[in-house]
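Dear colleague,

I am handing over a structure to you with this message, and I would ask you to open it first and to read my notes beside it.

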Amino acid sequence: MLCSDLREQRFWDSTCGRFQLSTPERKSVILAADVVGYSQMMDENHQTALEALRDARDSVIEPCISSGGGEIVKRLGDGWLAAFDAGEEACASALEIQKQLTFDGAPALRIGIHEGTVSFVDEDVFGSGVNIASRLEALAKPGGIAISDVVFANLPKDLQVSFENAGARLLKNIAEPVKVWAFGGIPPTGGSSEPISVLLENFVERSSSSKMAPDILDAVAIELEKYRWLKVQRTDDDAAASKYYLRGTLRRSGERVRVTVDLSARHDGRRLWSERFDRVVIDEFELVDELGMMLARRISAEIDTYEKMRAEMRPPEQLNAAELSARANDLMSSGLPDAFDEADAMLTRAVALEPRNTSAYIQKSFVGYRKAMSGAWPVHPTLAAALQPAMEVVRIDPKMPGGYVMLASVYGMMGKTEAAFESAAQVERLNPNAWGAPHGKSIACTFASPDWAQTHDPDGLQLLSTAERTLELAESSKFRSGHLFFLGIGQLLHNAENLQPAVSTLERSAGAAGATWWPSLFLALVELRRGKRPLAQQHIAAAHTLFPAFSMSVIADIFERSRIWPLWRLELAQLSNLDLST
């Protein structure tokens, strides 16, 4: 007997009113097996189902368990719990069972295996080992096997090759995710990070003989579908599944049109956003396209903000991969280097939960980019590392704009200007409403080499226009400070004679939530050029407050290869006179 070396103990079981025999808790490898669709088999042909079960049990399942060194602890009608001393024995038995259950009429079996703490009570077994093995069994595909990482780690190489990495999975009533290895594959994660659904209810058209409302709704749907994380629904049949819904009315009097819309959350009816748009109709097609793009941008921004707010109210261990990615993005908007490590940890968990979740990889790349911006990490190795998850997004889903947004941003800051522009162009092809395309171009123009800038954008006009476009598209962005910063740099480059517009923009950037030390640095440079050293000193002090390790070496690491460095060389040389360490 498997547990004969353990001292049995008697205890009173109040549920059945008698003494039972138990053993102390011990580590054991538990195999949980269950016949797939047995109830349906019984409904279709009771006698055939019974014969198939008996045949599989007597000729395959129980003999394989016994010959493999296991002991049947509990029979569950169409299922079994067996205990083994080693994971190697349990996995070898499971593989043999699935190999033999291939004859005509054989029932399909799911098997889960885990090593954990259990207690044997009479002819039953309890404990975490049983719970996780049972959850793994439910996760496996018919004819497949799912094992935990603790089992896989102790298998010999010849058995390990039979299993593939299925990532970490959240199992029901199990607090921490369990890394799973599978034979025969594992179904997708059950839609835990499926696109967020939005129901576009028909606009009510009043006091109008025109038919613009359906056209506007079509335009909104077309533009929203470019956001891959959103799913558009158009019929009432799908209403129960939608998370959000958009309603609207259209009124027209002559050439005047008024469109009123509101966006609400379906689960509680909470109104997230409502607005009225008044327009004069000059060209109906242009008006429909304008409203479609404007509404889609605002809807996506409002849903994104609300999803992040809801995620903040729940502990991280309860969040799926998409929610962890949103929480990490929110953390990074603070601009504080300490928050980046916390965000990175969340994203590591997100990738473990769903290895093909593109949102998690996009945010992974974004963390690297923001770390490089902060100056607290070596800039170029950090940017090189940030490229990898962005490339992984493009590999997983070549039509996901976010992957190209991060490629544009990282390539741009690395000074690989043409590659950044190519990636930004791909974003524009996939989703013209995404502010990541012009923002990536702004980064590329700022960090371009002096030679590239002299040839392609000598007066900063291209940087100015892309920064303005970013602000137009990113009305609700929590990263507005960064968008304003690049606008300020564009103004500095475009009009070196009149610095005041750039100063005003950089001051707005420095005062916005999540500001980095970058705007404070350039405000200091501007004041040095104006000959106002005390004001420059104040801005340097503000940069030190945001980043105590702020120094000339950090500035050089980030900006020395860019077009900015030679233009502000004289002012940069004066920073050492403002108590700025080298």
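Two strands are said to pair if DSSP finds at least two bridges between them, and helices (H or I, at least four residues) and strands (E, at least two) are DSSP runs numbered from the N terminus. Please keep in mind that this is a predicted model, in which local features need pLDDT of at least 70 and side-chain atom pairs count only at pLDDT 80 or more, while totals for chains, interfaces and linings use all residues. Residues are numbered from 1 along each chain as its sequence is written, and side-chain values use heavy atoms, with hydrogens and water left out.

Strand β3 (residues 26–35) runs antiparallel to strand β5 (residues 79–84), to which six bridges join it, and Ala33 has Trp80 as its bridge partner in β5. Strand β6 (residues 109–121) is also antiparallel to β3, with 10 bridges between them, and there Asp34 has Arg110 as its partner. Eight of the 10 residues of β3 are buried, so the strand is largely enclosed by the rest of the structure; buried means under 20% relative accessible area, with exposed over 50% and partly exposed in between (1.4 Å probe, protein chains only).

Turning to the helices, the expected span of a helix is 1.5 Å times one less than its number of residues. The 13 residues of helix α7 (residues 212–224) should therefore span 18 Å, and this agrees with the 18 Å between its end C-alpha atoms. Among the buried residues of α7 are Met212, Ile216 and Leu224.

With best wishes
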